2 protein chains.
Amino acid sequence: MTTSDASHRRGRRIEGFAAVVPAGGAGTRLWPLSRAGAPKFLHDLTGSGRSLLQATWDRLEPLAGAERVLLVTGRSHAAAVRAALPGLPPENLLLEPSARDSMAAIGLAAAVLERREGPQAVLGSFAADHVIDDDEAFGEAVAQAVAAARTGEVVTIGITPSGPATGFGYIRSAGPLAVEGAPDALRVAEFVEKPDAATAAAYVAGGQHRWNAGMFVVGAGRLLDHLHGQLPALAEGLREVAAAWDSPRREEVTAAVWPGLVKIAIDHAIAEPVAAAGGVAVVPGSFGWDDVGDWDSLATLLPGASSGVAVLGEEAGVLGLAATGVVVAGSGVPGRTVSVLGVPDVVVVDTPDALLVTTREHAQSVKGLVGAWRERGREDLL
Amino acid sequence: MTTSDASHRRGRRIEGFAAVVPAGGAGTRLWPLSRAGAPKFLHDLTGSGRSLLQATWDRLEPLAGAERVLLVTGRSHAAAVRAALPGLPPENLLLEPSARDSMAAIGLAAAVLERREGPQAVLGSFAADHVIDDDEAFGEAVAQAVAAARTGEVVTIGITPSGPATGFGYIRSAGPLAVEGAPDALRVAEFVEKPDAATAAAYVAGGQHRWNAGMFVVGAGRLLDHLHGQLPALAEGLREVAAAWDSPRREEVTAAVWPGLVKIAIDHAIAEPVAAAGGVAVVPGSFGWDDVGDWDSLATLLPGASSGVAVLGEEAGVLGLAATGVVVAGSGVPGRTVSVLGVPDVVVVDTPDALLVTTREHAQSVKGLVGAWRERGREDLL
């Protein structure tokens, strides 16, 4: 890194901000590339040369500093995460004994942060497997969200829709928040579920709805206090684990407490009820964002998808005639080729032990295939 | 083989009949399974455990006897053919120095047979890469054709259409031939080209048209005399090569003569002009037949194709959901799986270095892919 790069990165640092990255979820709809043992966040799905997890690190490390990035993941992914993120301080890799949904994962990081830095520390939670196309604009939105969070708000970053997507939840905003350092922040009126196409079109036309990207920025103590108001046992359990985390008693306490923690998403535990009580703000994010939920979603992110055959992998090995769609040549076998002839919107995912052929229209149903292979006893494919 | 099997087979022997099998053609429309180096006839395309060439041998050997089956193929396929057909007498493997179309291939066999057995020997020529589903009925048709050929006719076996196929040429018949031993034989009025759908439907409804399966039964001398009438230089060249074939001068004469032989199909050289002159008869064949010209054609031959996913290969490795079509899992890689989700009439051909995804509708265009790979310099795939 040159001196000017380093200066630039230091210049983007957000004072008092810690980044929390829950790295979970198997990404089953991206099977057979994404597997239980090698989930979505460990894959380079954009052809950038960096996995989604690494790209998330690259985006957050300049804002928080390496020592203030906390990564929460399952124990089975520890080695892969360490290899992917050599700059992550060992004590900032928080390993869950079992998956207990996003509230426990983010809450554990909040509770550890509260112990280490005090309740006023502001954390921002960002999934390890989303794609963002403008790190600069993302950083500016986070800076505003942190400013708003310092006033006690639970803050989300809502993505300005690029179209009437039906695959995302939406955030409806009310009036301006009027907080110093967060000029664009708005009060959140409510979180709404994934809409149908007509509703989504109305949302986009109305201008008050933004995509819920699952980004939450909030004071660590504030988050746990809100959680205590909704689910006191969960908040107390997380604080109990955190109290022992940086001590010799971590294993003992975690083993005793963790299995009893309720499984719930942070959206249901915090975002929705606190928004209903008027305690959530939204900073609009004008950057490109996608959760890369399935092959159809990925197809829109790859160059060439709209005009012909998009390739994730070695382009020289892929040939499309009379075909528009996405081919993912994930096998990486040298010299192996994929030819697509006259199948519109086809999705081909070529891995060494599993080949998937489907269409973008059926992308949501890939989970069903995974279930069918499980029924056939092919756990090795999952 | 039990004694009764042997008796049964001897019982089907047709006196004075020699089988000629031209094994040529790359089967490009069955790429990437069929390759220049491993053409269609070397593959088991029906899941029977025998290649098309071996199935052809299994069908003809009982009728002609091993010592009277002549196989004509390119030098590059010699080793593969010897391995596939251990019962073929070495002197009956006729290796062409270069491909000069079906007239030269069959004509060489006819000329060699004429030298070895005399002009009255009756040969039947049958492609090495067609599928026939009733060897008994086939044998009965051949026996009638041989009887008719003994009277000097050029005899073809015309397949009773199972539907209005547009992918085959047709044979229009006139009245009965009235020859002893060939009660079903008819005079051929003409050979007609592949029809459009409406014409094909009219052919099937009329009952006078049968599929041209490229099967010709004729006296060896008679065939060469007809050829001499049409293309004297070709007939003379073939007889010159044949005169040297079973002598030390084979290589020398072949090298001098073969490259100058005209490339022409037997249909154009013999069948069409001789039919126009009233010299061709047809024995109707009521057995199932297919030339397995492309993946669409193959799909109809595999069990399960009409109701779901047909598999050529390991069925346990293939899973289809909301999909009807044919999957050919040709790779043979143990444990490798193919999943098809919601792609109607898809064709998936999985080989180690080339994966093809197309639809039955586009089966005829597979040649275009092969050409495109050639343009990209991937001769290794062809």
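Which residues does B:Ala109 touch, not counting residues up to four places away in sequence?

Modeller: This is a predicted model, in which local features need pLDDT of at least 70, side-chain atom pairs count only at pLDDT 80 or more, and totals for chains, interfaces and linings use all residues. Residues are numbered from 1 along each chain as its sequence is written, while chains are lettered from A and ligands numbered from 1 in the order in which they are written.

Leaving out residues up to four places away in sequence, B:Ala109 touches B:Val20, B:Leu70, B:Val72, B:Leu94 and B:Leu123. Two residues are in contact if their C-beta atoms, placed from the backbone, lie within 7 Å. B:Ala109 also belongs to the largest nonpolar core, which has 256 residues; A:Leu108, A:Ala109, B:Leu108 and B:Ala109 are the members that touch the most others. Such a core is a set of buried Ala, Val, Leu, Ile, Met, Phe, Trp, Tyr and Cys residues joined through C-beta atoms within 7 Å. A residue is buried if 20 or more other C-beta atoms lie within 10 Å of its own, exposed if 12 or fewer, and partly exposed in between, with C-beta atoms placed from the backbone.

Next, the helix α4. In chain B, the axes of α4 (residues 101-117) and α7 (residues 220-230) come within 8 Å and cross at roughly 130°. Axes are lines fitted to C-alpha atoms, for helices over the stretch in contact, and angles run from 0 to 180 degrees between N-to-C directions. Helices (H or I, at least four residues) and strands (E, at least two) are DSSP runs, numbered from the N terminus. α4(B) and α7(B) are therefore oblique to each other; angles under 35 degrees count as roughly parallel, over 145 as roughly antiparallel, 65 to 115 as roughly perpendicular and the rest as oblique. Their crossing is left-handed, a term for a near helix turned anticlockwise from the far one by less than a right angle, with right-handed for clockwise. On the α4(B) side the contact is made by B:Gly107, B:Ala110, B:Ala111, B:Leu113 and B:Glu114, and on the α7(B) side by B:Ala220, B:Gly221, B:Leu223, B:Leu224 and B:Leu227.

In chain A, α4 (residues 101-117) and α8 (residues 232-245) have axes that come within 8 Å and cross at roughly 50°. That makes α4(A) oblique to α8(A), and the crossing is right-handed. Among the contact residues are A:Gly107 and A:Leu108 of α4(A) and A:Leu238 and A:Ala242 of α8(A).

Now the two chains together. A rotation of 180° with 0.0 Å of shift along its axis superposes chain A on chain B (RMSD 0.0 Å), by least squares on the C-alpha atoms of residues with pLDDT of at least 70 in both. That is the relation of a two-fold axis. The C-alpha of chain A nearest the axis belongs to A:Val357, 4.0 Å from it. The contact between the chains takes 32 residues from chain A and 32 residues from chain B. In chain A, β13 (318-321), β15 (337-341), β16 (346-350), β17 (354-359) and α12 (366-375) each supply at least two residues of the side that touches chain B. The largest share, six residues, comes from β17(A). The copies meet through the same surface, because 100% of the interface residues of chain A are also interface residues in chain B.
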